[in-house]
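Welcome, and please take a moment to look over the sequence and the 3D view. The briefing below walks through them topic by topic.

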Amino acid sequence: METPTYHPIYLAAELRLPTNWLDYTLLGIYFVVVLGIGFAARRSVKTSLDFFLSGRSLPAWVTGLAFISANLAATEILGMAANSAQYGAYTVHWYWIGAIPAMVFLGLVMMPFYYGSKVRSVPEFLLLRFDRAAHLLSSILFAFAAILIAGVNLYALAIVVEALLGWPQWVAIVVAGFFVLAYITLGGLSSAIYNEVLQFFVILAALIPITVLALKKVGGWDGLSDTLTKAHGDDFVTAWGGTGIGDANPLGANWLTIVLGLGFVLSFGYWTTNFAEVQRALSAKNLSAAQRTPLIAAFPKIFIVFLVMIPGLAAAALVPGFGTEESGYQYNDAIPFLMEGLLPNGVLGVAVTGLLAAFMAGMAANVSSFNTVFTTDIWQKYVVKDREDTYYVRFGRLITAVGVMASIGTAFLASSFSNIMSYLQTLFSFFNVPMFVVFIIGMFWKRASMKSGFWGLLAGTTAAMVNYFVLYKQDIISIPTDQGANFVSAIAGFVAGAVVMVAVSLFTAPKPAHELQGLVYGTRSPGMSEPPAEGDDAWYRKPALLGWGAVILAAVCYIPFSF
Amino acid sequence: MTDHPEHPDRPRHPGWSEEDVQRQVTELQEKSETAARLFDIRRIIGGLFVVYGVIVTIAGITDDDAAIDKAEGVNINLWTGLGMLLLGLFFLAWLKLRPAAPAPPPVEPGDEPSE
């Protein structure tokens with residue numbers, strides 16, 4: 001469940017990288033370490049809580065970096081570089097308005113309810129707040145979506161590896177699938193999270209040299225923006241230029257749909273209710289650490305945009321018409337194009353490793369959240385109940401293997417039916433939006449009834465899909481681009497979900513007040529009143545300071561791109 | 001929540017309540033071993049980046065002109081290698097100076113810097 005970008009990943013075949021033994025040595029070392037983490041984490045798994053949620057015991061910097069890594073999958077890196085090559089500096093919106101406010105909201109406002117209520121998953125919160133219908137619907141949809149996205153990541157990896165390294169697609173799919181299977185089955189979430197933390201640094205080590213060299217090659221930021229302004233017009237290197245209502249711009253969205261559709265609905269839906277993200281925070285060792293998880297992640301998120309946007313812009317500046325037919329390159333080629341042209345063996349190996357690591361982490365985040373939802377939310381609650389805890393650990397390992405096999409199957413399917421896959425991906429992305437409506441109304445309005453959750457989810461999802469697949473795709477309403485249509489569909493899903501929830505609530509019974517303790521704003525559960533751990537009262541660990549700091553920093557970053 | 005009426009004979013899953021989840025998670029958390037037995041990731045990050053740093057720095061020192069010309073005249077292997085080496089050493093030093101205290105479950109010491 002990426003923040004939607006929808007560039008199907010295809011790479012130009014001539015981008016074969018000149019890798020040698022040195023690059024493969026660096027790659028090999030990484031794979032050994034990945035497996036080593038799995039084996040070493042194995043001895044820490046005793047209970048199902050250890051396997052699925054790291055025993056709720058990890059420090060905030062670890063969960064925070066894992067939180068950002070789970071999002072920093074390679075489809076995001078390549079996709080956002082492609083976005084920049086195509087649309088220019090508009091890409092910053094996906095970060096500064098399309099991520100930071102939602103991450104801060106998750107940390108400051110929602111996390112006390114998530115973490116304090118001791119739920120193990122996002123659907124489990126819906127079970128407590130609403131009823132089994134909402135719970136089952138969200139669990140099943142999430143499980144399907146997670147496998148689908150894991151498979152899409154795997155397929156994208158296979159395409160990139162085939163283009164860059166010349167491995168056949170099936171080899172890449174099987175090898176990457178095997179490594180993810182091995183380390184999650186062995187060490188559970190701890191192993192997934194530790195690998196994500198490691199991957200965060202490897203990705204930085206890959207992207208920073210590319211960005212620096214690309215910037216040098218185009219003559220610094222001034223040279224870059226001069227070239228692009230000449231080729232693409234003044235708006236290309238600004239964040240808001242041409243986004244007035246009624247203006248035409250390549251993104252096909254105006255400032256209102258950017259702020260509401262991307263900044264509010266899509267981004268809050270993705271960051272606050274996508275379990276693959278929230279799971280990282282739920283594994284933190286106490287409420288303060290859980291709150292700080294998305295806040296610590298927000299700071300790198302503010303700056304990572306430069307590491308994907310500058311390579312994308314540089315590619316657009318270096319090759320006239322980059323991404324179009326005559327240039328011979330796809331938009332997605334931006335980063336591989338620079339790797340090929342600028343990196344000598346050594347750093348090239350680090351960059352290849354970073355890219356593969358990012359693909360695997362994107363897959364692993366989905367697999368490790370899938371096994372949790374499938375085991376604790378579907379299997380343990382509806383199928384095989386009340387067994388001893390070790391049974392569910394065994395089952396979790398088994399379902400991890402099943403999940404990886406299913407994603408490998410999905411990846412092979414995707415290689416034959418890639419249009420269907422991008423269709424499905426769009427379809428599932430609309431599920432996050434009504435999830436967010438249901439959460440936000442459920443958390444802030446205690447009158448929202450037990451049944452309203454299910455109907456809100458259903459209505460919101462349907463409305464977003466109808467808007468996208470019927471009204472937009474059949475040209476009943478006119479929206480210039482897919483991105484613009486995404487934003488509008490998200491807004492439609494949000495409004496429909498909210499209206500239906502309110503309407504259903506007015507005609508059905510509310511949840512008894514004593515069952516809402518700690519789930520609705522203004523109530524507290526026993527889990528929330530735990531005293532702060534020693535040292536957590538230091539000023540730099542205050543969630544409010546971190547959160548508002550991130551929001552202000554993101555706003556300041558907009559200034560040079562706004563005039 | 002203590003005013004919740006007791007139903008000793010009610011079926012166990014009439015729709016889960018917060019108490020069920022809290023009880024179950026609290027029990028599991030008491031038996032959890034992660035805090036006590038999970039290794040420290042700083043050791044792995046430090047180790048990997050020191051190894052990467054050394055390899056890539058050596059590659060930078062021995063690079064011929066072709067490699068340097070390719071990278072816009074920058075000895076990018078050398079600089080990236082040194083950067084990775086420093087990052088690795090930083091994590092090892094952090095681990096040495098602030099080792100994770102052995103955690104007596106269920107209460108965790110909060111003595112690790114968060115960033």
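What follows is a short tour of a predicted model, from confidence to contact, core and local details.

This is a predicted model, in which local features need pLDDT of at least 70 and side-chain atom pairs count only at pLDDT 80 or more, while totals for chains, interfaces and linings use all residues. Residues are numbered from 1 along each chain as its sequence is written, and chains are lettered from A and ligands numbered from 1 in the order in which they are written.

**Confidence**

- The predictor gives the complex an ipTM of 0.86 and a pTM of 0.88.
- Helices here are DSSP runs of H or I with at least four residues, strands are runs of E with at least two, and both are numbered from the N terminus.
- Residues 1-14 of chain B stay under 50 in pLDDT, and the model has 7 contacts beyond four places in sequence for them. Two residues are in contact if their C-beta atoms, placed from the backbone, lie within 7 Å.
- Residues 105-115 of chain B are also below 50, and this stretch has 34 contacts beyond near neighbours in sequence.
- Where pLDDT is low, the predicted coordinates should not be read in detail.

**Chain B at a glance**

- Chain B has 5 helices and 0 strands.
- Of its 115 residues, 34% count as buried; that takes 20 or more other C-beta atoms within 10 Å of a residue's own, while 12 or fewer make it exposed and anything in between partly exposed, with C-beta atoms placed from the backbone.
- Among contacts in chain B between residues at least 6 apart in sequence, 68% join residues at least 24 apart.

**Where the chains meet**

- Chain A brings 68 residues to the contact and chain B brings 51 residues.
- On the side of chain A that touches chain B, α9(A) gives the largest share, 10 residues.
- That side of chain A has 30 nonpolar, 17 polar and 21 charged residues. Ala, Val, Leu, Ile, Met, Phe, Trp, Tyr, Cys and Pro count as nonpolar, Asp, Glu, Lys and Arg as charged, and the others, Gly among them, as polar.

**The nonpolar core**

- The largest nonpolar core holds 229 residues, of which A:L157, A:V180, A:I210 and A:F359 touch the most other members. Such a core is a set of buried Ala, Val, Leu, Ile, Met, Phe, Trp, Tyr and Cys residues joined through C-beta atoms within 7 Å.
- Leaving aside neighbours within four places in sequence, A:F359 is in contact with residues including A:A73, A:N153 and A:L157.

**Helices and loops of chain A**

- 13 of the 14 residues of α4(A) are buried, so this helix is largely enclosed by the rest of the structure.
- After α4(A) comes A:G88, with a positive phi near 85°.
- 15 of the 19 residues of α11(A) are buried, so this helix is also largely enclosed by the rest of the structure.
- The loop between α2 and α3 of chain A holds A:S54, whose phi is positive, near 50°.
- A:R56 lies in the loop between α2 and α3 of chain A, and its phi is positive, near 45°.
- Most residues other than glycine have a negative phi.

Technical notes. pLDDT = per-residue confidence, 0-100.
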